[in-house]
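Here are my notes on the model, point by point. Please keep the structure open while you read.

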Amino acid sequence: MRGQAERLLSGPEVWSGPALGARTDWIQHLEPAEVAEIDAMLAAHRGNTTALTDLTRDDFAMPRLARRFEAVRADLEGGRGFALLRGLPVQRYSTDEARRIFWAMAVHLGDPQGQDKQGNRMHSVTNTGLRVDSTNSVRSYQTDDELTFHNDGGDAFMLLCLKTAKSGGISKLVSVAQLYNEVMQRRPDLIEVLQQPFHFDTREQHPTGLKVQTSPILNFFEGRLSALYKRRYLLAAQRFPEVPRLTPAQEQAVQLVEDICNDPAVQLSFSMQPGDVQMGNNYAVLHARTKYEDFDDPAERRHLLRAWLTLPNGRPLPPPFELTREFRTSYLARHGETAGAVA
């Protein structure tokens with residue numbers, strides 16, 4: 001079996017939701033001194049007319065937060081693969097101030113990269129009233145739809161919750177290593193299938209113009225397991241005549257992934273609060289959210305800020321992740337930091 005690990009995986013990346021749900025050590029809390037550091041940064045930036053996304057970490061002198069995000073980086077790549085930071089008092093900040101705080105945090109964690117063909121590096125995750133279908137390039141984050149388990153672009157994702165929904169919008173996470181172990185225990189015959197090429201609709205957002213991204217769902221490379229999975233876009237890619245039809249074995253494998261991810265004994269579920277910052281390694285965890293209902297007042301509707309990040313300590317990447325490899329190479333060239341080998 002191509003690239004298959006010979007036994008069940010172990011280590012901090014292997015976890016189940018119920019086990020973590022009984023603990024609180026995966027939730028970090030901002031300290032008053034760190035909030036004071038953020039306030040001082042905002043005061044220092046008052047009147048700064050430089051475009052926000054042109055600012056780098058050198059423009060944000062926040063040594064305490066820098067140390068925190070250095071530790072978060074180590075947890076994303078080498079630990080459990082995600083972190084939740086709680087306690088930012090977003091209610092007292094304007095939207096522009098919150099965006100500046102989020103950008104400052106993002107550049108201290110890694111290097112934000114483009115999330116669409118225009119190269120925008122910060123997105124608002126909110127309901128625009130649009131719908132995803134085969135005739136448009138609308139993406140799921142622009143809707144109030146349920147987002148089934150998936151991963152994003154880049155080494156990591158980062159979300160800041162500004163406002164929550166009237167109901168719903170619950171966050172969910174699954175360990176990719178635990179997913180692998182569950183497949184091995186339930187249907188080991190499908191491990192090889194999940195390492196075959198699958199095709200994903202890019203929603204016309206790939207900066208190179210690529211319509212379909214091709215990758216195995218489970219990728220073993222230099223001893224590390226990484227995932228690429230977006231069921232909604234996997235099924236959407238079937239609209240292209242040049243994309244091979246899913247085989248019965250592939251359909252079974254995709255359904256098995258869904259069944260495992262949605263198993264309460266596997267997934268971790270939690271509600272984000274205003275001021276929460278959720279961060280996850282896109283190769284080590286899959287994330288999802290439930291459908292939500294918004295408030296009638298547009299000013300009170302669910303709103304998160306999102307960044308996709310290159311991590312300087314990122315793992316070696318298999319060939320299907322060419323674009324992410326390019327971002328990381330560029331990042332390392334600019335900052336002169338060492339990271340996992342980029343093949």
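How many nonpolar, polar and charged residues does the lining of the largest cavity have? Point 2 gives the count.

1. Ground rules. This is a predicted model, in which local features need pLDDT of at least 70, side-chain atom pairs count only at pLDDT 80 or more, and totals for chains, interfaces and linings use all residues. Residues are numbered from 1 along each chain as its sequence is written, and side-chain values use heavy atoms, with hydrogens and water left out.

2. The structure holds 2 cavities of 30 Å³ or more. On a 1 Å grid over the protein atoms alone, a cavity is a set of points where a 1.4 Å probe fits but cannot get out, and lining residues have an atom within 4 Å of a point. A volume is the space filled by probe spheres set on the points, which are joined across faces, edges and corners. The largest cavity holds about 180 Å³. It is lined by 16 residues, and Val 125, Leu 147, Leu 159, His 287 and Arg 289 are the closest to its centre. By class, the lining has 7 nonpolar, 4 polar and 5 charged residues. Here Ala, Val, Leu, Ile, Met, Phe, Trp, Tyr, Cys and Pro count as nonpolar, Asp, Glu, Lys and Arg as charged, and the others, Gly among them, as polar.

3. Strands S5 (147–150), S8 (171–175), S15 (285–289) and S17 (303–310) each supply at least two lining residues of the largest cavity. S15 gives the most, with 3 residues. Strands (E, at least two residues) and helices (H or I, at least four) are DSSP runs, numbered from the N terminus.

4. Second largest cavity. Its volume is about 40 Å³. Its lining includes Glu 146, Leu 147, Lys 172, Glu 258 and Arg 289. S5 gives the most to this lining, with 3 residues. The classes are 3 nonpolar, 2 polar and 4 charged.

5. Second largest pocket. A pocket is an open set of points with protein on both sides within 12 Å along at least five of seven lines. This one has a volume of about 240 Å³. Of its 14 lining residues, Leu 9, Glu 13, Gly 223, Arg 224 and Leu 225 lie nearest its centre. The lining divides into 7 nonpolar, 4 polar and 3 charged residues.

6. Helix H4. H4 (residues 95–109) has 15 residues and reaches 21 Å from first C-alpha to last, close to the 21 Å expected at 1.5 Å a residue. The expected span is 1.5 Å times one less than the number of residues. Why is H4 largely enclosed by the rest of the structure? Because 11 of its 15 residues are buried. Buried means under 20% relative accessible area, exposed over 50%, and partly exposed in between (1.4 Å probe, protein chains only). Among the buried residues are Phe 102, Trp 103 and His 108. Their cover includes helices H2 (32–45) and H3 (63–76).

7. Lys 166. This residue sits in the loop between strands S6 (156–163) and S7 (167–168). Beyond four places in sequence, it is in contact (heavy atoms within 4.5 Å) with Glu 293, Asp 294 and Phe 295.

8. Cysteines. A search of the whole structure finds 0 disulfides, a disulfide being a pair of cysteine sulfur atoms within 2.5 Å. Cys 161 is buried at 2% relative accessible area. Cys 261 is buried at 0%.
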